[in-house]
Amino acid sequence: QVQLVESGGGLVQAGGSLRLSCAASGTIFNIYRMGWYRQAPGKQRELVASITSGGDTNYADSVKGRFTISRDNPKNTVYLQMNSLKPEDTAVYYCNAVRFAGLGPGSGYWGQGTQVTVSS
């Protein structure tokens with residue numbers, strides 16, 4: 001089992017910045033990909049950004065150039081630096097970890113989520 005604990009959410013004004021952290025613990029060997037997903041009220045959960053153990057990254061078009069995902073492998077922690085935040089970034093942000101390439105997020109582990117609210 002893998003436990004994921006997110007932190008860093010909060011309330012920020014449009015144009016501001018936040019950094020989310022996700023610390024993994026438990027049986028954490030062989031985690032291939034970690035990512036951030038978000039879910040706004042009435043909407044489906046969507047990918048924000050992901051990063052593999054080799055450092056390959058993937059971003060949603062809506063956050064490219066504003067958000068940066070990074071991973072500290074020795075600390076088993078993944079970060080999401082969010083700059084130039086917009087009201088439409090408001091959502092609950094979830095951390096996800098999957099063990100093997102080819103597995104989707106639904107086959108992995110989820111954190112409890114952290115609320116990000118961007119005021120206009």
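Modeller: The side chain of R38 makes a polar contact of 3.4 Å with the side chain of S62; a polar contact is a pair of N or O atoms within 3.5 Å, and within protein one must be able to donate a hydrogen and the other to accept it, while residues adjacent in sequence count only if both atoms are side-chain atoms. A polar contact of 2.8 Å also joins the side chains of R38 and E46. This is a predicted model, in which local features need pLDDT of at least 70 and side-chain atom pairs count only at pLDDT 80 or more, whereas totals for chains, interfaces and linings use all residues. Residues are numbered from 1 along each chain as its sequence is written, and side-chain values use heavy atoms, with hydrogens and water left out.

R38 belongs to strand β4, residues 33-39; strands are DSSP runs of E with at least two residues, numbered from the N terminus. R38 counts as buried because its relative accessibility is 6%, and buried means under 20% relative accessible area (1.4 Å probe, protein chains only). Leaving aside residues up to four places away in sequence, R38 touches several others, among them Q44, V48, V63, F67, D89 and Y93; contact here means heavy atoms within 4.5 Å.

One of these contacts, F67, lies in strand β7, residues 67-72, which runs antiparallel to strand β8, residues 77-82, and is joined to β8 by six bridges. Two strands pair if DSSP finds at least two bridges between them. In this pairing, T68 stands opposite Q81 in β8. Four residues separate β7 and β8 in their hairpin, and N76 in the turn has a positive phi of about 50°.

Note on methods: Buried means under 20% relative accessible area, exposed over 50%, partly exposed in between (1.4 Å probe, protein chains only).
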